[in-house]
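Here's a short tour of one protein model. Have the 3D view open as you read, and try to find each spot as it comes up.

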Amino acid sequence: MNVPLSRPSINEDDIDAVLGVMRTPTLSIGPQVQAFEREMASYVGAEHAVAVNSGTSGLHISLAAAGIGPGDEVITSPFSFVASANCVLYQGATPVFADIDEDTLNVSPAEIDHRITDRTRALVPVDVFGQPIDMDRIGTMARRHDLVIVRDSCEAIGSTRNGVIVGTADPVTTAVFAFYPNKQMTTGEGGIVVTNDATLAATMRSLANQGRDDNGSWMNHVRLGFNYRLDEMSAALGRSQLSRLDALLEQRARVAAWYTERLTAVDAVRTPFVAPETDRMSWFVYVIRLDDSVDREALMRALGKDGVPSRPYFAPIHLQPYYRERFGYAPGDYPVTERVAATTLAIPFFTDMSEEQVDYVCERLEAHTSRLTMTATARKQL
Ligand SMILES: *Cc1c(COP(=O)(O)O)cnc(C)c1O
């Protein structure tokens, strides 16, 4: 059996929505984007939304609109996708990493506290794998030090913590969601920034649209902008997906539950932690943690031969070649992140995954982990 690592869930309504746009002359800057922004703002309980062509663009214009620039420090997580830190570099500011909590895998408020200096201007906390961050302590710090909070919620659309949906609830300045095809819902490429601050929303809208003024005057550029616009076909796909997002999230939760049910019995595998405060987990990926005795590389090779792709996830940002070279980071700098990253493995996970596919992945995983663990133990005894 060959099981994909990830796959978008596209139905006939999605296809009709895209084709409908293609039968009109308006392929960009039109009613689909406007409606998508309204509907997304309403879904996450925010006042304003600006649709963009990627989550990365959303992070970038959030920092740009907040005036983050050279000399400023921005604290984020080293256990994330590289965009969480790259957006800081785009603005000529300095990313500073704070280590994570070993259970939630989210950035640790205590570690953030240690890294705050008088140059710190913003925080980019990440809701890793869909698990909402505890914003209470982060909010207290942000108020004390007058910090902007750009919430990287690219993996957490629809998650709730203590009944509050991930979005712009105080103390968040902007929150960013992403819609690449491996996310919970997709627009192809795409993302959206939400905020309750009307001025910030207007500035971000301008930044994403070549720096045009509020009236959108075609040839009047009031600031250095970018072309980060989402097109009409993508927005139509996004609206169609958003209209059944709750059903998509339920299906994904069912797949995750199938996995957890089966893998709890597998000795060498730890299933994903879901915090008691996370009352709705929007499952982005299913990432297991392997016992130290398992040779992850050998396991990935063996699974791959059986048609089961898997990936180490994440590789720490501070150890990426570009960051090591530019900032001199080395192994040992963020011990919790490194310990976690050395044992995590993302296994096939997508909305339309069948119970048979989950069975097959678990059966292969169990067979190979017990074989590879035994080999290691046997090796030690020699
Ligand atoms: C997906 C993702 C992004 C944005 O990705 P794009 O490909 O630019 O849409 C940013 N941060 C995290 C943590 C992500 O998972």
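## Before we start

One thing to keep in mind: this is a predicted model.

## A greasy patch outside

Let's begin on the surface. I10, I15, L19 and M22 come together there as a nonpolar patch. Taken together, the four have about 330 Å² of accessible area.

Now zoom in on M22, which belongs to helix 1, the stretch covering residues 12–22. Is M22 buried or exposed? The relative accessible area of M22 is 52%, and the cut-off for exposed is over 50%, so M22 counts as exposed.

Next, look for an open sheet made of three strands, in the order 7-6-11 and with antiparallel pairing. Strand 7 (164–165) and strand 11 (278–280) sit at the edges. Each of these two has a single partner strand, so one side of each has no neighbour in the sheet.

How do strand 6 and strand 11 pair? Strand 6 covers residues 160–161, and its pairing with strand 11 is antiparallel, over two bridges. To spot the contact, find R161: its bridge partner in strand 11 is T278.

Where does E277 sit? You'll find E277 in the loop that links strand 10 (269–270) and strand 11. E277 has 29% relative accessibility, so it counts as partly exposed; that class runs between the cut-offs of 20% and 50%.

Along the sequence they are 68 residues apart, and in space their C-alpha atoms are 24 Å apart.

## The largest pocket

Now for the open spaces. The largest pocket has a volume of about 540 Å³. It is lined by 21 residues, and I29, V33, E37, R205 and N209 are the closest to its centre.

Which elements give two or more residues to that lining? They are helix 2 (31–44), strand 1 (48–52) and helix 7 (198–208).

How many cavities of 30 Å³ or more does the structure hold? There is one. The largest cavity contains about 40 Å³ of space.

The lining of the largest cavity draws on several parts of the numbering. R7, P8 and S9 are among the lining residues, and so are P181, K183, Q184, M185 and T186. Q241, R252 and T351 line the largest cavity too.

Conventions:
Residues numbered from 1 in each chain as written. Predicted model: local features only at pLDDT ≥ 70, side-chain atom pairs only at ≥ 80, totals over all residues. Heavy atoms only, no water. Patch = residues over 30% accessible without salt bridge, like charges linked within 9 Å, V, L, I, M, F, W, Y side chains within 5 Å. Areas by Shrake-Rupley, 256 points an atom, 1.4 Å probe, with all protein chains shown as cover. Salt bridge = Lys/Arg side-chain N within 4 Å of Asp/Glu carboxyl O. Helix = DSSP H or I, 4+ residues; strand = E, 2+ residues; numbered from the N terminus. Buried < 20%, exposed > 50% of the residue type's maximum accessible area, 1.4 Å probe, protein only. Pairing = 2+ DSSP bridges. 1 Å grid on protein atoms, 1.4 Å probe; cavity = no way out; pocket = protein on both sides within 12 Å on 5 of 7 lines; lining within 4 Å. Points joined across faces, edges and corners; volume = space filled by probe spheres on them.
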